[in-house]
Amino acid sequence: MNSIVTINQLEKNFGEKQVVKKISFEVQKGEILCFLGPNGAGKSTTINILSGILGYDSGEMNYKGKSIKSCLNEFKQHLGVVPQDLAIYEELSAEQNVKFFASLYGLKGRELEEKVTKALDFVGLLERRKDKAKTFSGGMKRRLNIACAIAHEPELLIMDEPTVGIDPQSRNHILDSIKKLSKHGMTILYTTHYMEEVEEISTRILIMDSGTIIAEGTKESLKEDIFDERQFILEVEEEKNLNIDDFYTIEGIKKVERKEHELTITTLKNIENLDKIIAMVIKNKAKILNLFCRTASLENVFLRLTGKSLRD
């Protein structure tokens with residue numbers, strides 16, 4: 001993969017408060033890079049700097065190996081932004097909104113018409129192209145916002161919480177659209193307060209807290225790196241003679257809990273001991289009705305790293 005944007009030692013202060021603390025990361029071509037962090041982590045400030053909305057105090061930002069400051073117009077031509085707050089004109093039709101924003105990138109004539117049609121079709125609003133934005137639902141307005149940002153076919157698309165306050169159907173449509181854009185080669189930088197969205201669409205994740213990047217990687221690698229445990233859940237027939245203490249003789253077992261017909265066994269994940277666990281259940285003359293393995297969720301990773309929930 002090739003880097004589209006490289007950030008090196010980026011710093012931003014508001015007065016005496018250091019909001020972004022010399023962070024460094026890369027945005028790779030074609031990836032869906034999700035930014036996670038509790039409120040006040042610095043992710044929105046970082047996104048606004050990259051979008052060109054905010055300046056920064058020190059550090060470097062490069063686009064394809066060139067300083068963004070030296071090629072700012074070129075960078076902006078290849079950048080699309082879907083802001084958290086809707087950036088559409090309520091009194092204009094869907095078509096007029098997309099035309100206006102696309103024209104800011106120099107599109108005109110037949111090319112403008114074709115790309116406006118393509119963008120509206122992509123977000124599922126082509127049949128409503130003549131309707132004013134004020135007649136749209138919240139989810140449709142969000143989709144129109146996306147159409148306005150992608151009509152010029154940017155190389156890098158920044159999306160800042162694009163699914164806030166919308167219905168599940170519109171959210172699913174937007175997430176499906178993001179995956180399609182990525183498959184077609186668009187690079188997406190995405191922030192959200194919905195962990196399930198990150199689970200669904202991310203190819204890589206950056207986790208920020210208190211102005212620094214505290215972890216990065218795929219959702220699989222983050223779970224693997226942060227947790228050294230896994231849990232086996234065994235549903236067993238009620239057996240009063242089942243001795244919990246026997247399981248602690250098995251290598252790797254850290255905790256055993258029993259609640260009615262369910263046995264929860266926490267074990268070190270790098271030790272293969274499931275066969276011994278099953279043998280112990282059989283030795284205790286209990287019958288296994290069901291068995292599954294529970295692994296850490298992304299929410300578990302986030303809580304372990306920050307000590308906070310995503311909405312804190």
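The structure is a predicted model, in which local features need pLDDT of at least 70 and side-chain atom pairs count only at pLDDT 80 or more, while totals for chains, interfaces and linings use all residues. Residues are numbered from 1 along each chain as its sequence is written, and side-chain values use heavy atoms, with hydrogens and water left out.

**First stop: strand 11**

Select residues 229-236, which form strand 11. Helices (H or I, at least four residues) and strands (E, at least two) are DSSP runs numbered from the N terminus, and two strands pair if DSSP finds at least two bridges between them.

Next, select residues 288-294, strand 14, which runs antiparallel to strand 11 and is joined to it by six bridges. Here Glu235 has Asn290 of strand 14 as its bridge partner.

**Second stop: the largest pocket**

Select Ser51, Leu79, Val81, Phe101 and Tyr105, which lie nearest the centre of the largest pocket among its 15 lining residues. On a 1 Å grid over the protein atoms alone, a pocket is an open set of points where a 1.4 Å probe fits, with protein on both sides within 12 Å along at least five of seven lines; lining residues have an atom within 4 Å of a point. The volume of this pocket is about 360 Å³, a volume being the space filled by probe spheres set on the points, which are joined across faces, edges and corners.

Helix 2 (72-77), strand 6 (79-82) and helix 5 (138-150) each supply at least two lining residues; helix 5 gives the most, with three. The lining comprises 10 nonpolar residues, four polar and one charged. Ala, Val, Leu, Ile, Met, Phe, Trp, Tyr, Cys and Pro count as nonpolar, Asp, Glu, Lys and Arg as charged, and the others, Gly among them, as polar.

Move to helix 4 (residues 109-122), which contributes four residues, the largest share of the lining of the second largest pocket. The lining residues include Lys115, Phe122, Glu153, His184 and Met186. This pocket holds about 270 Å³ of space, and its lining has seven nonpolar, two polar and three charged residues.

Select Cys71, which counts as buried because its relative accessibility is 7%. Cys148 likewise counts as buried, at 7% relative accessibility. Buried means under 20% relative accessible area, with a 1.4 Å probe and protein chains only. With a disulfide taken as a pair of cysteine sulfur atoms within 2.5 Å, the count is zero.

Key
Buried means under 20% relative accessible area, exposed over 50%, partly exposed in between (1.4 Å probe, protein chains only).
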